[in-house]
Amino acid sequence: DYNTMASADPFSLYEMGSTISVKLSVDSMNALYSRSLLFTVPIVARALGNAEKQEIVNLNEMQPGMLVTGKVIKIVSHTMKISLGMHVVGCVNATEVFDEVSNEIPFANFEIDDTVTAKVLSMREVASNRHLPISHQNPVTHRRLELTIRPSKLKLAPPELGAPVITWKNAENFVGKSVIVIVYEIRRKTRSLGVLVSSDIMNATIPANFLPDNSEEYTSTLSERYSLGQSLTARISHVNSQYKVMNLSLRGEHEDPYETVLRPGNQVMASIIKPVRGLGILAEVVPNTSGFVSITEISDSYRMGIEKKFSLPTHFHRMVILPKMKGDKHMALSARASRVDEDAPEPANPIIESIDELKEDQIISGFVHTSSKGFGLVLSLSRTVKAFVPHEQIQDKFNDKTEVYYPTGRLVTGRILSIDPNDEHKVVMTLRKSRLHGDAEEGQISIKNIEEGQKLKGYVKALKDYGILVEIKHGNNLIGLCHKSEISDKKNLKFQEIFELGDYVKVVVLKVDPVKNRLSLGMKPSYFTEDDVEFDSDEEMDENPLQPVASLVDDSDSEDDSSDSADNILQAMRQPAPSDSDSSEDEEMKEAEDSESSDDEPAVKKELESTSFQWNDFNVGAPKKAAESDSEEESEEDSQDDTDSAVPKKVRRLEKEREEEEVAQIEEELLDGDKGPETIADYERLLLATPNDSFLWIKYMAFLLSMTEIEKARAVVERGLKRINLREEEEKLNLWVAYMNLELMYGTPESLNKVIDRAITYNEPKSVYIRLVDIYTNAEKFEEAEKVFQRLVKKFKRSKGIWIKYCTFKMKNGESEEAHKLFQRAIDLLPQRKHIPLINKFAQLEYKLGDVERGRTMFEGIVSNYPKKTDIWSVYIDMEIKFVGDIQAIRRIFERATSLVLSSKKMKFLFTRYLNFEKEYGDEDTVEHVKEKVVEFLEKSANQ
């Protein structure tokens, strides 16, 4: 084993056949060679010729606490290297220079070749960049001496070292203690300081909220308050040795920031991690400590998609810490201006801390929290108050799938029906438009102000064997009973087949019992006159007499509730006699009823029938124009003989024509793309016309998933993969991506892997892997994404785009060191022609997600070596404008670029950019300066 020797060429010290003395170090060395022994060769000194003699040092003899002397050979920002002998180098970390906080830079008083006395702290195994065959240990490691030059430790007699050095192994023992740290990075992006704690812990953080002042003014000017190499006294607040994370505080030696800063009521600076659709925003308060902003705490004014307002990554916002509730996984935060700023105006949507602040009949807005098909909605009125909306209180029009159109995060406005702290649903609300927007002239109807004989409007609430329950319009949940004997003048009428839930009806009050809170209603035609037929003609009738009343079709939230199919529209336009069988049955019932009715009853009925008024108030009389045109075609005898039956037939004929027109219009809209498909039939019809449209297949799949029809969704994808033409490779790939998303969300790992294998078989593997990475990343399955990336760079190591994507993934996840290693690997593996684009992209990543200084250095390297690449100059300037904003620095870059000798076309591009920049950020003098430079360039070009 020659590792103990310091000679550069140990083989030159021996000859074949010579005898040497060795020391048995390890017997039975089974790791590499079975039944072998490991010997160490003693140090052998030889003449170095004319070269300067160096003391030969045996690393095995080095012990912690030993004093050594050497020469300084290299000084970098946070390390000074000292040569102790031939090929033996020790390192002094910047934290091992001072015993106390100093205003000096750690290595400012040292120069190259200075002789330094130091004390050995430890010997560490450090990985190198060398790699040996697979049978050896990789990467190759070498031993490095860690030294200290602290005066207090040098004074101690060897081998004493004083206080132990902080390492990741013992760091948790130092939580709450103060240490001297060195600033090595000022992070503008996170408004924090990167500090050195020891030679082992070189990436600790002082977060923005743990600085002496976490105000906007202080945290945005860190570069003016701190300098690189500055020494500080900081308190270790948090340590995670497993993930090598350490947070420190500058708020005092005896103050725990997790208790004093991060407590309810305090204001903190938080950076946005990501918006959680429909629920709120996830934000980072300090590293490894996240907070959640509920959707009702984002702003004082609610609006749809409010969580997207703060979707910019790394953007800082001042927020207030709220008390933590049971079940909270994250720190509760609020970004409401009324909480952050005492002088903020009154919020449009006030803060609701408890149900005591609510009252019945109050109109209030909230966001849909959850929905359950056929059951109802749960609304978030605030972070602490939820409200329940029963299924029948969502819309005026009854629909058993109403909840499908109310996704999580939808903003709704409703009226509070009841408040009961002891009930399972403490707050019950309604979203029905008829209940929400009452008629100002009529006011609210209650059991106290209803009189017998009064005619009201309402909706069918329930169908019972004994009659119909009708909910009175504007009645604040007032429900009356219409007994089956009061529904029609006809006997044995099967009212369950005529009426449906949600039907709009007109009733007359027969009896009122305020004591028992009972209301008896009647719907017989004989209770109404011809004038009653024309009720609400201005508000609820269309110009077309056969058009359903406005209240029948729920127009609340019309933009989102777009899934009412053509069948529903036609169903809402039902007429008196929908079929011949129904018509004949009605005629038979009329004849039987006429024979048993009184003398005056037929006159009343005839008068009402002439208006063609249907008692569930679906429609009214037949159109005059249609009747007149038809009567002209028919003879007078026919019109007189069939007076009673002519009107219903015309109505049916007009209805049929209208239905055909509606269906034709809907089909035309679907084909033209003006209206999205809303039923399975719509999708099937469109797919017949455009079978190669992957977007349509994916929408069809999503439509089925919204109804929890997972197996049917899979079947649709399989059909699409077979139907799409083989030449449409991109369309097929889109469908494969949707299939993988489906299996990731609703399938098992086994089913997902099967789909992935099939996708790779039928598509170009590189494209599939790239899409798969995006799928895993969007689903926050970073471990799986990491595995796919490793497979990608192994199979496609010559692809620049994959390396850039991998580096972006690492940078976004905060693994900047890993990203730097990947970048170096990419430089080694990619051909020379791809280096410049790679460096360009990685420099942009540094500006966006990493260290601006590193990105600037990379751009400077490119423009220095390739000054004629104006595209690089342009990107460099864009990065400086967008992420730094130092006008003077940007102006200096423009001056350098426009001082080059380039072609007229390239110079025109640079001068144009420079002039536009000065017009936006400069003044008249700077604009004039650019124009003068242009003139100067043109004169030089003309002279040449």
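Helix α30 covers residues 924-943 of this predicted model. Helices are DSSP runs of H or I with at least four residues, strands are runs of E with at least two, and both are numbered from the N terminus. The 20 residues of α30 reach 29 Å from first C-alpha to last, close to the 28 Å expected at 1.5 Å a residue. That expected span is 1.5 Å times one less than the number of residues.

Which residues of α30 are buried? They are Thr926, Val927, Val930, Lys933 and Phe937. Buried means under 20% relative accessible area, exposed means over 50%, and partly exposed lies in between, with a 1.4 Å probe and protein chains only. A contact here means heavy atoms within 4.5 Å. The face turned away from the buried side carries exposed Glu924, Asp925, Leu938, Ala942 and Asn943. At the start of α30, a side-chain oxygen of Asp923 comes to within 3.2 Å of the backbone nitrogen of Asp925.

Next, the aromatic rings. A pair of aromatic rings is described by the distance of the centres and the angle of the planes. Rings of Phe, Tyr and Trp (its six-membered ring) pair if their centres lie within 6.5 Å; planes under 30 degrees apart are stacked, over 60 edge-to-face, and the rest tilted. By this rule there are 18 aromatic pairs. Phe210 and Tyr258 form an edge-to-face pair, at 5.2 Å centre to centre and 75° between the planes. Phe210 lies in the loop between β10 (204-206) and α2 (216-219), and Tyr258 in helix α4 (residues 257-260), so the pair ties together parts 48 residues apart in sequence. Phe210 is buried at 0% relative accessible area. Tyr258 is partly exposed at 23%.

Phe375 and Phe388 make a tilted pair, because their centres are 5.1 Å apart and their planes meet at 45°. Phe375 lies in the loop between β18 (363-372) and β19 (376-380), and Phe388 in strand β20 (residues 386-390), so this pair ties together parts 13 residues apart in sequence. Phe375 is partly exposed at 46%, whereas Phe388 is buried at 8%. Elsewhere, ring pairs link Phe782, Phe789, Tyr806 and Phe809 into a cluster.

Now the backbone. Most residues other than glycine have a negative phi, and most peptide bonds are trans. The bond from Pro158 to Pro159 is cis, with omega near 5°. Pro159 is in the loop between α1 (151-155) and β8 (178-187). Thr708 has a positive phi, near 60°. Its loop runs between α17 (694-706) and α18 (710-723), and Thr708 is exposed at 63%. Glu780 also has a positive phi near 60°. Glu780 lies in the loop between α21 (765-778) and α22 (782-795) and is partly exposed at 38%.

Last, confidence. pLDDT is the predictor's confidence in each residue, from 0 to 100. The chain mean is 77, and 75% of residues reach 70 or more. Over residues 3-8 pLDDT stays under 50. Over residues 534-647 it is also below 50. Where pLDDT is low, the predicted coordinates should not be read in detail.

Local features need pLDDT of at least 70 and side-chain atom pairs 80 or more, while totals for chains, interfaces and linings use all residues. Residues are numbered from 1 along each chain as its sequence is written, and side-chain values use heavy atoms, with hydrogens and water left out.

Note on methods. A polar contact is a pair of N or O atoms within 3.5 Å; within protein, one must be able to donate a hydrogen and the other to accept it, and residues adjacent in sequence count only if both atoms are side-chain atoms.
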